[in-house]
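Here is a short briefing to read with the model open in your viewer. Shall we start with a charge over a ring and work outward from there?

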Amino acid sequence: MPKKKPVNLPGDGTAALLPVPPMDNWWWLSHKGTTTSFLCISLFALLIRSAVSMFPYSGAGTPPKFGDFEAQRHWMEITTNLPAIDWYRNGTHNDLTYWGLDYPPLTAYQSYIHGILLRVFNPESVSLFSSRGHESYHGKLLMRWTVLSSDALIFFPAALFFVLVYHRNRAKSGVAWHIAMILLNPCLILIDHGHFQYNCISLGLTVGAIAAVLCGSEVLTCVFFSLALSHKQMSAYFAPAFFSHLLGKCLRRKNPILSVLKLGIAVIVTFVIVWWPYLHSVDDFLMVLSRLAPFERGIYEDYVANFWCTTSILIKWKKLFTTPSLKSISLAATVLASLPSMVQQILSPSDEGFLYCLLNSSMAFYMFSFQVHEKSILMPFLAATLLALKIPDHFNHLTYYALFSMFPLLCRDKLLLPYLSLHLLFTLIYHSPGTQITLPKTKASSFSFTSFPGYRFLLRTHFFISLFLHVVYLTIQPPQKYPFLFEALIMILCFSYFVMFAIFTNYTQWTFSSHFRSADKEKKRI
């Protein structure tokens with residue numbers, strides 16, 4: 001039985017015994033304040049990132065083109081040795097067939113800054129031509145430090161900004177747990193510090209923009225999100241949410257046209273500053289723009305758990321349709337999948353609805369847009385971490401399947417041990433005593449697939465199949481006729497969960513609509 005403590009009742013001064021709430025194992029952090037909690041968890045998160053960075057990376061020791069590590073190093077080589085106008089142009093000093101820059105200018109500037117650092121401490125790692133495939137110990141150490149420092153300088157402060165704004169009027173009991181979920185994001189750690197990329201920069205700028213929305217600074221939102229788009233074009237996964245939420249708020253003001261114009265100017269000015277070297281001629285601008293849309297790679301890469309790849313088992317999209325046709329079809333499908341969440345935010349904008357809209361629009365892009373990679377799951381998963389307190393059970397399941405969807409990629413990179421370790425770490429933190437989140441019984445939070453018959457059985461079946469596939473993938477060779485059989489099975493399993501998750505989050509977002517709530521009240525009166 002729970003312990004009880006005496007509490008003085010108002011009026012007659014008598015005392016009554018009330019149950020004592022269960023001990024919160026995070027109290028030693030949360031009672032000292034959000035900033036202190038954040039600093040303590042940040043140090044641990046940096047330690048975990050450093051440990052993961054000791055393992056292999058994408059393309060380690062596999063010539064002639066190696067992998068993502070070599071791509072990032074090569075961009076530092078190009079940006080530090082050639083003028084900015086030649087960074088995206090094919091030529092004798094910049095062969096675009098060998099890891100040509102295919103991200104917006106802010107990525108190029110980031111590569112330049114990091115390249116300067118490498119040139120100071122390890123010049124041979126960025127020397128033109130002779131550094132191709134460079135894998136010296138000091139070169140690799142410096143490269144790893146550039147990712148770690150980018151995380152610490154951009155993603156961590158943005159996460160602190162979000163936490164301070166999001167929890168300013170909330171109970172502090174779940175703050176430390178929420179910080180841990182954001183900073184110990186296993187997918188981001190494995191991709192950036194294992195596989196090797198700089199998603200922490202674009203995602204950090206996006207989180208900063210989200211926090212700016214929550215604190216009512218819309219101009220700052222536009223600046224941050226424009227910077228995120230100028231770093232990685234995949235930030236467009238969140239664009240429908242930002243657009244619809246800001247438009248919905250502007251339409252409710254006395255002078256909506258002036259409000260929209262102000263935000264438009266902030267976006268244009270930010271883009272002009274970032275893109276300035278390539279705005280002097282139409283050809284230069286189109287040259288960069290053409291590098292950002294790799295349509296020649298096809299509608300998806302590898303066995304990614306999205307709609308096109310999963311259904312291609314039965315429908316051979318690449319054979320039935322031309323690339324231009326597939327571009328139009330995928331665009332229409334992405335817009336249609338994003339439309340419900342966008343309409344809800346235009347009709348009834350709210351902070352919580354905006355967070356769900358971010359999740360729904362990014363999931364729509366992941367499942368239906370053109371040219372999707374396994375790593376794209378980072379976008380919807382980031383949005384889910386921000387909502388971890390609202391959908392703890394679904395967030396737990398999403399984490400599992402988001403990681404599992406990248407399992408073949410991480411195995412190819414020889415990151416099995418970090419994959420298993422981070423899985424275990426997440427599970428321990430998520431299920432640690434004192435972190436059980438109790439949600440109010442509202443319409444938005446009470447709906448769950450658990451109310452459907454057989455859902456729990458389906459979820460358990462999914463889980464046991466996934467465990468079986470883990471073992472099979474690591475121990476058994478697939479049939480020669482179907483060399484990617486196990487990847488396909490993993491893809492189908494993860495996609496089926498992502499579909500259920502997307503249905504749940506879209507429904508939940510609509511419960512924040514004032515029209516939905518008023519209709520619900522009318523039903524109760526009847």
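Lys327 sits over the face of Phe295, 4.2 Å from the ring centre; for this contact, NZ of Lys or CZ of Arg must be within 6 Å of the ring centre and within 35 degrees of the ring normal. The model is predicted, so local features need pLDDT of at least 70 and side-chain atom pairs count only at pLDDT 80 or more, while totals for chains, interfaces and linings use all residues. Residues are numbered from 1 along each chain as its sequence is written, and side-chain values use heavy atoms, with hydrogens and water left out.

**Charges over rings**

- Another charge of this kind is Lys65, which lies over the face of Trp99 at 4.9 Å from the ring centre.

**Salt bridges**

- The count comes to 13 salt bridges, each a side-chain nitrogen of Lys or Arg within 4 Å of a carboxyl oxygen of Asp or Glu.
- Arg73 and Glu77 meet through their side chains at 2.9 Å, N to O. Both belong to helix H3 (residues 68-81) and are four residues apart, about one turn of the helix. Helices (H or I, at least four residues) and strands (E, at least two) are DSSP runs, numbered from the N terminus.
- Are these two partners buried or exposed? Arg73 is buried, with a relative accessible area of 1%, and Glu77 is buried at 0%. The cut-offs are under 20% relative accessible area for buried, over 50% for exposed, and partly exposed in between (1.4 Å probe, protein chains only).
- Glu77 also forms a salt bridge with Arg132, the closest N and O atoms being 3.2 Å apart. This pair links distant parts of the chain, 55 residues apart: Arg132 is in the loop between helix H4 (105-121) and helix H5 (137-166), and Glu77 is in helix H3. Arg132 is partly exposed, with a relative accessible area of 28%.
- Glu218 and Lys249 meet in a salt bridge at 3.4 Å, N to O. Here, too, distant parts of the chain are linked: Glu218 lies in helix H9 (residues 218-231) and Lys249 in helix H10 (residues 239-250), 31 residues apart. Glu218 counts as buried at 9% relative accessibility.

**Aromatic pairs**

- The count of aromatic pairs is 35. Rings of Phe, Tyr and Trp (its six-membered ring) pair if their centres lie within 6.5 Å; planes under 30 degrees apart count as stacked, over 60 as edge-to-face and the rest as tilted.
- Tyr400 and Tyr401 form an edge-to-face pair because their ring planes are at 85°, with the centres 5.1 Å apart. Tyr400 is buried at 15% relative accessibility, and Tyr401 is buried at 2%.
- Phe463 and Phe464 are also edge-to-face, since their planes are at 65°, with the ring centres 5.7 Å apart. Phe463 is partly exposed, with a relative accessible area of 34%, whereas Phe464 is exposed at 54%.
- Ring pairs link these four residues into a cluster whose other members include Tyr366, Phe404, Tyr497 and Phe501.

**Nonpolar surface patch**

- Ile313, Leu314, Ile315, Leu320, Phe321, Tyr482, Leu485, Leu489 and Ile492 make a nonpolar surface patch of about 820 Å². Patches take residues with over 30% relative accessible area and no salt bridge, joining like charges within 9 Å and nonpolar side chains (Val, Leu, Ile, Met, Phe, Trp, Tyr) within 5 Å. Accessible areas come from the Shrake-Rupley method with a 1.4 Å probe; for residues, only the protein chains shown count as cover.
- Which helix gives the most to the nonpolar patch? Helix H23 (residues 485-510) does, with three residues.
- Tyr482 is placed in the loop between helix H22 (455-475) and H23, and it is partly exposed at 47% relative accessibility.

**Helix H22 and the annotated spans**

- Leu458 is in helix H22 and is partly exposed at 35% relative accessibility.
- The unreviewed UniProt entry places the feature "transmembrane region" at spans including 203-228, 258-278 and 454-476. UniProt positions are given in the numbering used here, feature names are shortened, and annotations may be inferred rather than shown by experiment.
- Residues 203-228 are 88% helix and 0% strand, with end C-alpha atoms 7 Å apart. Residues 258-278 are 86% helix and 0% strand, and their end C-alpha atoms lie 29 Å apart.
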